[in-house]
Amino acid sequence: MSNTGHQTLGDNFIPINYSLTFEPDMKKFKFRGSATIKGNIKKRTRLIKLNAKELEIKSVSVADGLGIQKASFKVDKEKQTVEIKVKRPVIAYVEVDIDYYGMNNDRLYGFYRSRYDFNGKQGHILTSQFEAPNARDAFPCVDEPAFKATFDVSFVVDKDLDCISNMPVSSTKPKGKKKLVVFGTTPKMSTYLLYLGVGKYDYLNAKAGKIALRVITTPGKKRLGNIALDFGRRLLDVQQKYFGIDYPIPKLDLLGIPDFSAGAMENWGAITFRETALLGDEKCTAVSVKQRIAEVISHELVHQWFGDLVTMKWWNDIWLNESFADFMAYKMVDKIMPEWDFMLRYYIDTVADAFSIDSLKTTHPIHMEVNTPGEIGAIFDMISYHKGGSMLYMLEDYVGDKIFRKGLGIYLKENQYGNASSEDLWMAVQNAAKREGLDTPVSGVIKKWVEQAGYPVVSVKKSGKGKFILEQKRFTILDSDYNETWPIPIRYISAAGEGRVLMDKKRMVLSLKSDWLKVNYTQSGFYRAVYDGAELEKLGAMVRDRDKRFTEKDAWGVENDLFARARSGRISAKRYLDFVNKYLMGSGYPTSSSISGHLGFLIRMGEGLPFGDQAKRVSVKFHGKILNRLGWHVRDGESSIDTSMRNSAIAGLAFADDKHTIDRSVSMFNHFVEGNGELNTNLRAAIYSIVAMNKPSEGLMKRFMKMYKDQELPEEKIKALQSVGLLDDERLLKRALDMSIGDPVRLQDSIIIISNASGNRQAKKVMLDWITRNWQRLMKIYDPGAHNLDHALGALSIYTDKKSRERIAAFFSKKENMRDDIKREFQQTLERIDANIAFMERNRWSVN
């Protein structure tokens, strides 16, 4: 690591193999550990430095060719290191033996404990979450991704317990009153990919070719694993074929963990999941949840190649893991479930989010420097996932699927079992193009997009007959004077047909035999477009009239880019609403989903103001047309898109205060909970939220919390909890927030109430006081590796007034209220509030 700012251990000691034995106490939740670390020392030294966190080290010895030395050691809690010193200098091959103790915490990181209930009794499993960087919580190590090694893992446990790690079990032997479980040696891999599991489990077994595939659950839940087992088998097969490299481990476990901070974790051969992302009932699970299960499994399987087989050298290139998994997950699901039209969801789930966060001045490049563990945790954000994925989507369209796929093959084969950087990726794609005899510039194009923050907006102006002037500048939600340019792969459509051009300057002119032009055709490019009034009206008419030259993606692009102009104050909210009313009624997916979200934003921001009233009228008309077409009842064999649009329509109508929709939703809910009728699982999330927002009561809160506690299906628990945060009553909202960080809400679920509460009509009265009052507790329970504290802070982005903004700025400017992992979120929260203030000043009484 050449950057001295990185908190690294240097490269004098290079581990080759870790031999690790863990003996946990399932009552005290402590474990005894022993580690033998084999490695090479490059320069003669008396000092070996390792990472260690929250470990009680008892003894250390160092062996080399001249014998064994007892070593002294010094722990630095702040730097999370242990310095090992010997009297006689050592060089070349050494073995470091360490005996120590550790804790199985309940804070969702390291080697921690997770609680489950079965047959009225409480039990625990031990599980691990080592990204990033928390392997040091379980064993002393060089906890940096570039220092790959092999691992030999053993457990000493009670005879009635099972053990799980990355590899299959190689032997089980009695050891006193316990048993010794030994696992096979792993491939060479980074420390954060190791997995440790101990407990009682249920198993579903299958084969994916020669690979043993298992879905593993806590007792009593294995019947909920069949959806995942089927998706896992099919996705593993299609990904092996696409990447051209066989999955290298003889087994693949998919584990449902009751307490888990992330959505899932790609431990090589032993992938862990939050239960909501893995478990479901084939008959009762909503289509949207099945899609989520497929997408998350696909994402983690992509990591078995991008992240596990080939790993970034340092965390500044985490996008090489996450961006690929983000983009390829949707692509692979689309291959096994073409009836879902899954790539259309990519625009709503990924591209729109990337556009939103990257429009902030406080955004960051895809590739950026990070040094401390807190900074490393903070980079697991929408830029590393969604912007990076959107950039790869653009790259694939730019070079073509064939070259893109060949480039990925080169990248994987040249770097397998090793580490790579951004340069390795773009050179691989460049080489793939050259092998096909093409001189398409690749490396220079990708480099700019990866290393430069933000994205461009391309203005399109007609200038005389058949001439169009294109000009680019950086798009920001607040006014700015940035002068950056990007090499933009422009794909366009006009009356003359399709075309492509690389726009690598600020301004260019296209001469076409056409009186109209739509850039970013099929919306594969990560840039926005803005058109002058007459040209925008032409495109709107083409969308309205279902012109066959326009795809649904293009309709989404026109709408989304126009709303971005309204959100940033460049046009009025009324102008956007007029355009929707004139041209976008009856829009299909994904445009319909985008409009639903934007109308909801305008209704919330414009409560009691002219533009808010207009937004309600447009929403009732827009969503009413959808619901009239689809009806209230889910039909057998209907498309997943229709199911999604119906939910959005019902929710949109209710949010616009449509009395008929609210009354019918309340009636359906009451019949359901009283046992007088069924409520289709695909409608429940929308119906629950409508009832919470319109009929809040103490009894309803108790009912939702009982559902959270008693329901077997993980998705039903989450729907109930989300609704608790939406109870439209100031007193109940305060109670809901208090419950979020206490019993009976699990730590992993607490952020659900907090995040949903930010959408509550009472939120501005409650959120700032509650968060500041409870901030020190939130800092304590949300470890940097859990990625939750930033979400709690981000919930304050709802405010639209300068006084609240000043309070937030003053509170979080105090050292005791700040941490490395939330510094950027703090800046971005203030910027969003500034954007809200500017938006309201532009639109408060606007009639134009």
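Residues are numbered from 1 along each chain as its sequence is written, and side-chain values use heavy atoms, without hydrogens and water. Because the model is predicted, local features need pLDDT of at least 70 and side-chain atom pairs count only at pLDDT 80 or more, while totals for chains, interfaces and linings use all residues.

Start with the sheet. It is open, has four strands in the order β24-β21-β20-β26, and its pairing is mixed. Helices (H or I, at least four residues) and strands (E, at least two) are DSSP runs, numbered from the N terminus. Two strands pair if DSSP finds at least two bridges between them. β24 (507–511) and β26 (528–531) each have a single partner strand, so one side of each lacks a neighbour in the sheet.

Now look at β20 (residues 456–462). Four bridges join β20 to β26, and the two run parallel.

Next, find Thr 476. It sits in the loop between β21 (467–474) and β22 (488–494). Is Thr 476 buried or exposed? Thr 476 counts as buried because its relative accessibility is 0%. Buried means under 20% relative accessible area, exposed over 50%, partly exposed in between (1.4 Å probe, protein chains only).

The side chain of Thr 476 has polar partners. It reaches the backbone oxygen of Leu 478 at 2.5 Å. It also makes a polar contact with the side chain of Ser 480, at 2.9 Å. A polar contact is a pair of N or O atoms within 3.5 Å; within protein, one must be able to donate a hydrogen and the other to accept it, and residues adjacent in sequence count only if both atoms are side-chain atoms.
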